[in-house]
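Welcome! Take a moment to look over the sequence and the 3D view, and then we can walk through a few points together.

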Protein chains: 4
Amino acid sequence: MTSVGVLGATGAVGQRFIQLLDGHPEFELSVLTASPESAGKRYREAAKWRLDTPIPEDVAEVEVRDTDPDEIPDDTDLLFSALPSSVGERVEPALCEAGFVVSSNSSNDRAADDVPLVIPEVNADHLDLIDVQRDERGWDGALVKNPNCSTITMVPTLAALRQFGLERVHVSTLQAVSGAGYSGVTSMEIIDNAVPHIGGEEAKMETESRKLLGEFADSEVSWHDASVSASCNRIPTLDGHLENVFVETREEPTPEEVAEAFEDAPTLDLPSAPNQLVHVFEEPDRPQPRLDRMLGGGMAVAAGGIQETDTGIQYNCLAHNTIRGAAGASLLNGELLASEGWV
Amino acid sequence: MTSVGVLGATGAVGQRFIQLLDGHPEFELSVLTASPESAGKRYREAAKWRLDTPIPEDVAEVEVRDTDPDEIPDDTDLLFSALPSSVGERVEPALCEAGFVVSSNSSNDRAADDVPLVIPEVNADHLDLIDVQRDERGWDGALVKNPNCSTITMVPTLAALRQFGLERVHVSTLQAVSGAGYSGVTSMEIIDNAVPHIGGEEAKMETESRKLLGEFADSEVSWHDASVSASCNRIPTLDGHLENVFVETREEPTPEEVAEAFEDAPTLDLPSAPNQLVHVFEEPDRPQPRLDRMLGGGMAVAAGGIQETDTGIQYNCLAHNTIRGAAGASLLNGELLASEGWV
Amino acid sequence: MTSVGVLGATGAVGQRFIQLLDGHPEFELSVLTASPESAGKRYREAAKWRLDTPIPEDVAEVEVRDTDPDEIPDDTDLLFSALPSSVGERVEPALCEAGFVVSSNSSNDRAADDVPLVIPEVNADHLDLIDVQRDERGWDGALVKNPNCSTITMVPTLAALRQFGLERVHVSTLQAVSGAGYSGVTSMEIIDNAVPHIGGEEAKMETESRKLLGEFADSEVSWHDASVSASCNRIPTLDGHLENVFVETREEPTPEEVAEAFEDAPTLDLPSAPNQLVHVFEEPDRPQPRLDRMLGGGMAVAAGGIQETDTGIQYNCLAHNTIRGAAGASLLNGELLASEGWV
Amino acid sequence: MTSVGVLGATGAVGQRFIQLLDGHPEFELSVLTASPESAGKRYREAAKWRLDTPIPEDVAEVEVRDTDPDEIPDDTDLLFSALPSSVGERVEPALCEAGFVVSSNSSNDRAADDVPLVIPEVNADHLDLIDVQRDERGWDGALVKNPNCSTITMVPTLAALRQFGLERVHVSTLQAVSGAGYSGVTSMEIIDNAVPHIGGEEAKMETESRKLLGEFADSEVSWHDASVSASCNRIPTLDGHLENVFVETREEPTPEEVAEAFEDAPTLDLPSAPNQLVHVFEEPDRPQPRLDRMLGGGMAVAAGGIQETDTGIQYNCLAHNTIRGAAGASLLNGELLASEGWV
């Protein structure tokens, strides 16, 4: 078994890590960190557990450590990071310098030239950027990132459309409140309402998508030159981001060809990877967040409503934002790191 | 005072008509119709009143009539129609033939060549199509339509952008449940959920927008040649449609020029017309349905989040779907008909 | 394996039956019935499947039959009924007469003297009323009922308190929308709202509770003489009924004794019975519908907030209304019928 | 005009004060205070305005002061307090000592023997406790409190039932999220959920009700000896607390007599007092929060569902928790203070 730790284990994404690691066939959770106020407490007391499955019994009694490189035992093979980005940008490099491999969901450093931003089924080869990273930074460890939850929902479908010559993407998102963390959206803000703004989210979708879809060669990732414009909205939904995508491509695929491209999206043989990456619904009113977010254990992407427009194709896609879009994304990156020998 | 009636007075839009006509300075409500089961009852009993202001006392005791041309007194000057389209397409022409002027919110006949589809501040001149209509159909009355609620939310902003050479529009909607009528969306469908499909809505937005923005000359409306692609979603909001719009124009206006164009949108001197047609918010997280749907008594359009994209402009807009988007739209058309002497 | 059928298989409760029977260790689903419009269709087409697990593959292709005694194969051992009560009161007696054993969730006949109303962990002995029923009605089959969802949430806790001399119960319910069926509550009714009335529900809680808590002797059930007053409310929650209970007892148990009585509630060795019937939370803000409705696979009751009042005890309880409160309740009754040799 | 100030003007209740004071016939708002971070800013910048009517233009430009007695101009006649109780218990006595009359919504000191806790239509005579207060504390000013929002919803109905000999009250509340302030309840907590616990709320209902219903004589209030047991719940509703009340009385009034008692509840001739204190609905499914919270401009109480139980009467009541239950309550107390010559 690979010995793993979770940094920032008490928050919403941290709890998902705990839940997803419970019973994992390859990873054994041994280290939990949180902010100084939680350090020294049992996890049961430190975390206000809010998932609808119980805290795994063995984890409940683990003593939470301070999120400090000195607190992580040397024999921890892999660290998952659910740190706030302000903490991540300070602590993650220190951990990598100390020799740890970190699979991080935090938003810091995602755009850095030598930091692999990875969705395993889409651009596993970007992982080799770790060599560049180690060269440049003199690290023994490594830092690998997964993209933002709204980006991760759309990119597997865009990757499948690259074969048609992706040129222009307009996307509108209907994002769940859990994406802002447990206390990120107040009920007064969102009941009987929608908010057409999520700070920084549109820029993340526009840049991260192009990096993910880019080509890795000669020690660098050339970002894809498609243009991406995003409009991000928060709606009164708990989990699952739904996105309306309009795509213009050089070729003119039919909706059937698009559906086929989605269904043929490659999958990987990793414990948390879904059997089918993109599920295509024929019913025009699917996917829907509550009904479809748990497809593939929350790790699949659902698509539907594929139609021609005057200048391209439109469709809807959906993924579980705290599983495929956050903790599950880092976990899958960790599994990829392990299977490719980086851990 | 102009004597008016409401067809289909017991439903959700019908109730809004009653509410908006209460205390109207020019119109006096004298006739209410509904389906045969309601005919003969007092309005108080026939309607399951669901608005948060009380039923106007005088209306409550009016006897509801069957929706039948023979039941409408000859001296009724103007009829507002909130009929289901299947009833509207049968009854409305019969009423026009019998000499009545009908301002209708029903979706039937909106695309017909000789039926004016009107937003008074946008294309009041299309009303002259009534002459063509009377010629062709031999009617003494007239049939005038307002567009669909999702169309009406966006078109005032597009009209303001015509000066920059409107070429391509992508729009995603976040629509309130009241748009489907009182029983249109069940709670099991929509709580903690969103539905990326509203039957026929996308086509309505695409065609109605182009007719509204078209030019009326030589007895016909030439539809605007901009291309419009819409993706329509239902979300758990009671009232107020929010829309994300991406626009490509021949010229390249700055966000400031777009804001100015919105603020300069013309207004009319009609009782229900708002003082300012389009309100522009500088706060990036506005407009929001619950906070902004009642601007201008529910008759204004709110816009915000204006930004440049790689190829154009994006922004958000919002209007109250059962006021500006339905009953208020027909009412304003009625006021225009009266002020221009058609009634 | 026992061969079972589901009557009314396409509705919300019917779908739960299908879901719960999938992979059942003792029951094999072979017959599905629905209204005449669905008869002859594959289940996949007849049911608008709305649960968040997929339709079981083998069930999806089963042909739905008309809900007619002549359509049920003779070798069907046990029928579960999710019929509307108006259909149930007609069809269920006919089926029993034809020799079928029916475990029914429909509300008809629950108060009848010779119809066992059963929660297996509470009053399994009432099942012997079947002998009386057969005597009186001349049936070969049998009709067994489970109580209403709001009753079933509270009665396991009241049963545990009988030892202290139950005298007076006041209960207020906060009930989920699924209790009214898929289309029972519109979104316009319930978003940002609550409805302090559910037709007939209060009377059901008051009478069914007393029958369930009653004693079976000499061929009849003497209803418990506690007085029960209920106030029932619908709130914007999808699943899970939460109830505030105030109890007056002859003895004066401490909150600790009440908690102990709840935790000691008996359980049964049946496939769908939870290991622990009543879970007691110490956290004062639990149980909560979304977090706790799936305890024991949706078959447990959760309790919390136990406190002394001036004249007794107050506490909160919660159960999943379409599992423990409906389909799961009938299923458990079916398992009891099988284990006691009635099937 | 009476010159008034609002302490804690930027929060949710503070904003309601601003809204309700706009256009007030007797009070002129001249002073706004908030926490030190807001001091010195224009109100428009200091408050994140969240009501659905715009900030009154004249108030928007007022400079916010620190909540410090030295900052309040001497000629301010009356202060309304929306302070957090931890601030209120420090600042309010200092202000009263400095000679100001304070009408406070904060929960501190509500139970104090010499502090009048007042609902004007219920116990206006308790205001004379100010004489006792001044004697004991040596104040020139005065401190008057209104009760908690959940208490205020129920007490006008209980007051009307005193004539029948009030003995025992059980009440369950379904409370809106605004009662916890703008950020008090997160969306993750409450969407598709309910929380059966609001810290301290049950005790407030039990004690405040008895003080309000008590008799003032010989310089002290003798609390009413009815026993009150409350169970408080938070539900996904924005505004309006709905309550299920079970009452036992010495006499046995019929539901009709109860309805009559409610409708005969006295009203006062004060600017913010509703014409009818308690509205009685005959429809069994009313009152409902969204439909009925704005009755009497948000200052009325709605009641319905009046029925007999085995031992008494049950009914439902509802009031707007941030108007009648908070800012409007203090405002009405201020109007009473002014009309009785205390200001």
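Predicted model: local features only at pLDDT ≥ 70, side-chain atom pairs only at ≥ 80, totals over all residues.

## Cavities

The volume of the largest cavity is about 150 Å³. Such spaces can be found because rolling a probe the size of a water molecule over the atoms shows where empty space is left.

Which residues line the largest cavity? Chain A gives Ile191(A), Asp192(A) and Pro236(A), chain B gives Ile191(B), Asp192(B) and Pro236(B), chain C gives Ile191(C), Asp192(C) and Pro236(C), and chain D gives Ile191(D), Asp192(D) and Pro236(D). Sorted by class, this lining has eight nonpolar and four charged residues, with no polar ones.

One of the cavity-lining residues, Asp192(C), has a positive phi of about 50° although it is not a glycine. You can find Asp192(C) in the loop between helix 8 (187-190) and helix 9 (201-212) of chain C.

Of the area that chain B buries against chain A, Asp192(B), Pro196(B) and Arg290(B) supply 19%, more than any other three residues.

How many salt bridges are there between chain B and chain A? The count is two. In a salt bridge between these chains, the side chain of Asp192(B) meets that of Arg293(A), at 2.9 Å from N to O.

For chain A, an unreviewed UniProt entry places the feature "domain: Semialdehyde dehydrogenase NAD-binding" at residues 3-130. Over this stretch the chain is 29% helix and 18% strand, and its end C-alpha atoms are 21 Å apart.

Under "active site", UniProt (unreviewed entry) lists Cys149(A) and His241(A). Although they are spread over 93 residues of sequence, they cluster in space, with a largest C-alpha distance of 7.9 Å. Cys149(A) sits in helix 7 (residues 149-161) of chain A.

## Cis peptide bonds

In chain A, a cis peptide bond joins Arg286(A) and Pro287(A), with omega about 0°. Pro287(A) is in the loop between strand 12 (278-280) and helix 11 (289-292) of chain A.

Chain D also has a cis bond, from Arg286(D) to Pro287(D), with omega near 0°. There, Pro287(D) lies in the loop between strand 12 (278-280) and helix 11 (289-292) of chain D.

Notes: Residues numbered from 1 in each chain as written. Chains lettered and ligands numbered in written order. Heavy atoms only, no water. UniProt positions renumbered as here; feature names shortened; annotations may be inferred. Helix = DSSP H or I, 4+ residues; strand = E, 2+ residues; numbered from the N terminus. 1 Å grid on protein atoms, 1.4 Å probe; cavity = no way out; pocket = protein on both sides within 12 Å on 5 of 7 lines; lining within 4 Å. Points joined across faces, edges and corners; volume = space filled by probe spheres on them. Nonpolar A, V, L, I, M, F, W, Y, C, P; charged D, E, K, R; others polar. Buried area = accessible area lost by both parts, 1.4 Å probe. Salt bridge = Lys/Arg side-chain N within 4 Å of Asp/Glu carboxyl O.
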